[in-house]
Amino acid sequence: MNAAVLWLLIPLAMVPLLVLFSMRQRVITVVGCLVTGLLAAAAWQIPIGEVARLGPITLKLEPSLLVLGRSLSFHDHDRPVLLLIYLFAFGWFAGARAARVHPLFIPLGLGMVVFLVAAVAVEPFLYAALFIEMAVLFSIPILSPVGTPPKPGILRYLIFQTLGMPFILFTGWMLTGVEAGSADLTSVIRASVMLGLGFAFLLAVFPFYTWIPLLAEQAHPYLAGFVLSLLPSITLLFGVSFLDNYAWLRTSPDLYVILRITGTMMVITGGAWTLFQRHLGRIMGYAVIVETGFSLLAISLMGVGGLNLFAGLFLPRLLGFAVWSLALAVIRDRVGSLEFTDVKGCTRRMPLAVSCLLLAHLSVAGMPLLASFPLKYSLINSLGAQSASAAFLVLLGSLSLVISAIQVLAVFMENPVRDSNPPQKWPASFLLSAGAAGLLVIGAVPHVFLPWLAGLLKAFEHLLT
Amino acid sequence: MAANLAVGTVILTASALLVIRDWRWTIGIFALQYVGVMVLVQLNWPLGMALVKLVVGWMAGAALGLTQVGPAGAGHEESSWPSTRLFRILSAGLIILVVFFLSPKVAFWLPGVALSQVYGGFGLIGLGLLQIGMTARPLRVVIGLLTILAGFEILYAAVELSVLVAGLLAAVNLMLALVGSYLLNTSTEPAS
């Protein structure tokens, strides 16, 4: 069997089937979870390119599938990435019913995941930009369900992501000359600017991030959380592939300075803007910007162990936003809106959802004892050794997120009112509790998870040497 | 000669897309634009592969047009003041001037790309950017994005001959058009 068939074609074939049964939400939730769960288990257990025994079955996964002269290749070192992506999808699909999202979420979400996995597998890796764009196009019906007029945030998201793709593809061609050593300094600068613009659009880097808070405000919070967690994570891995593949890029000291400045700007501006928001979804949107900023800072610290921090940040981020989004979905479902004026007094009505929301908020902010803390503490320490002013600004950005969490708590505690609605259903309560427990466990014993997360870096052999 | 005609076609059609508000004319002009794109791509690609661009463009236009057919589309005629049209024409003129002024310099950076392709490619990219910058309507936004992609594909055709990339770009174009149709459908009240 071919690895591309297992992790790409089989789930892709499931997409139209799930669409056909989309009216039976219980069925598609079970099938969606089963497919992604099995694919995650396969990524965990089955080596690629070697003979594996699964009980009575002997199996060998061929690493490459040739398509029109190019290949879709999975190597053994890609398994941690596959495991993370499919595990993420499994968790998100499991919460779909509790979040009460529209029935097409699971089929289209699976399609989006498949295209992002294809982005990891395609060789030459530059073509990943095309698969990321396809994933973005798949995500539009997720974010803008049938019967809802398209909001400006959705259109802006579509525009910015689509503009990123041509820059990346064209840069790929320009970089070929640079890598061959035939290019002059002007060509190098030109290619770098193009590459920077491409990733600025794709990652919503400062100042191109205006669509994120808009999207987080206008789309269903659970669906916005899914897209805003998954897409930047894969794009960041794609960005690190560039560093791995082009020696001139990873040896350029200017790149790390630019990444440091950009990351700092994103953390401080994203954090500061949370203080002026009056919508819980928008606050989460700005937190996404802060997280991307932290990842850029981690890459900028590559020479001092930043890559391990970069990989380590994946799990706290994905889990943090999963809990945050689900809590927002539960609150919105009950209250009807996420405006501050409407969520006053929610502490008494939905204590578990409110507690989990605040826990996730504080975890993303990097509060001690929570999942992000050990990594962000190390990151700010290492950053301080290189630039004290950058470390101070990043600390200020994180502090702003903490203050915004206190603001949100104050709003939740205002005007407690009686609520005649029935209490939360158990699936949502169970998932929120499990997610919150996960944030605490990762924060308490990070050393258990970090070696596994460091496995995400095995694909970047040049960066590790 | 054919290449110069194609440059004229793509620049004029992209400018017309900025000004014309009737969806029927918009789709017709959009389809014509892809004839020019095909001719410019054909300078580097075999005719068979270049025809893919034309077919994809027409299919994208058809997908967008079909969404507008019927009573639902009739309610979506866009009106604009004469001053708005004049502003759009002047903005398009400005973009065309900039493109024609800068293209010879840019062509120097892009070995293998003919000057006519640079004019056509950057013309479409510039006018497409102007289109998405001036509207928040899904039809206009998607047409703007497809115009930008068409401009990019003219330039990229000169440097990338891979069949897989051609196929993936065609898929992206079609998916974008389908997303556009979907957004247009969701923004329209169902006809009773």
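What follows is a walk through some helix packing, aromatic contacts and backbone details in this structure. Keep in mind that this is a predicted model.

Let's start in chain B, with its helices. Two packed helices are described by the angle between their axes and the distance between the axes. Take helix α2 (residues 23-41) of chain B and α3(B): they pack at an angle of about 170°, and their axes are 8 Å apart. An angle over 145 degrees counts as roughly antiparallel, and therefore α2(B) and α3(B) are roughly antiparallel to each other. On the α2(B) side the residues taking part include B:Ile27, B:Phe30, B:Tyr34 and B:Met38, while those on α3(B) include B:Leu54, B:Gly57, B:Gly61 and B:Leu64. Sorted by class, this contact has 15 nonpolar, four polar and one charged residues.

One residue to look at here is B:Gly61, which sits in helix α3 of chain B. B:Gly61 counts as buried because its relative accessibility is 3%, and buried means under 20%. Apart from its neighbours within four places in sequence, B:Gly61 is in contact with B:Ile27 and B:Phe30, and both of these residues belong to the α2(B) side of the packing. For a sense of distance, B:Pro111 is 50 residues away from B:Gly61 along the chain, and their C-alpha atoms are separated by 32 Å.

Helix α3 (residues 47-68) of chain B also packs with helix α7 (residues 138-157) of chain B, at an angle of about 180° and with the axes 12 Å apart. That makes α3(B) roughly antiparallel to α7(B). The α3(B) residues in this contact are B:Lys53, B:Ala60, B:Leu64 and B:Gln68, and they meet B:Leu139, B:Val142, B:Ile143, B:Leu146 and B:Glu153 of α7(B). By class, that gives six nonpolar, one polar and two charged residues.

Now over to the aromatics. The structure holds 33 aromatic pairs over all chains. One of them is A:Phe373 with A:Tyr377, a tilted pair at 5.6 Å centre to centre with 35° between the planes. These two are four residues apart in helix α19 (residues 373-386) of chain A, so about one helical turn separates A:Phe373 and A:Tyr377. A:Phe373 is partly exposed, with a relative accessible area of 27%. Elsewhere in chain A, A:Phe88, A:Trp92, A:Phe93, A:Phe105, A:Tyr222 and A:Phe226 form one aromatic cluster.

The charged end of A:Lys376 sits over the ring of A:Phe294, 4.4 Å from the centre, and A:Arg317 lies over the face of A:Phe314 at 5.2 Å from the ring centre. Another arginine, A:Arg190, is in helix α8 (residues 185-202) of chain A and is buried, with a relative accessible area of 16%. Leaving out residues up to four places away in sequence, A:Arg190 touches A:Met174 and B:Trp109.

Finally, the backbone of chain A. Most residues other than glycine have a negative phi, and most peptide bonds are trans. The loop between α8 and α9 holds A:Ala204, whose phi is a positive value near 55°; A:Ala204 is buried at 1% relative accessible area. A:Pro207 is found in the loop between α8 and α9 (211-218), and a cis peptide bond joins A:Phe206 to A:Pro207, with omega about 5°. A:Glu123 and A:Pro124 are likewise joined by a cis peptide bond. A:Arg100 has a positive phi near 55° and is exposed, with a relative accessible area of 52%.

Definitions and conventions: Residues numbered from 1 in each chain as written. Chains lettered and ligands numbered in written order. Predicted model: local features only at pLDDT ≥ 70, side-chain atom pairs only at ≥ 80, totals over all residues. Heavy atoms only, no water. Axes fitted to C-alpha atoms, helices over the stretch in contact; angles between N-to-C directions. Parallel < 35°, antiparallel > 145°, perpendicular 65-115°, else oblique. Contact = heavy atoms within 4.5 Å. Nonpolar A, V, L, I, M, F, W, Y, C, P; charged D, E, K, R; others polar. Buried < 20%, exposed > 50% of the residue type's maximum accessible area, 1.4 Å probe, protein only. Phe/Tyr/Trp six-rings, centres within 6.5 Å; stacked < 30°, edge-to-face > 60°. Lys NZ or Arg CZ within 6 Å of the ring centre and 35° of its normal.
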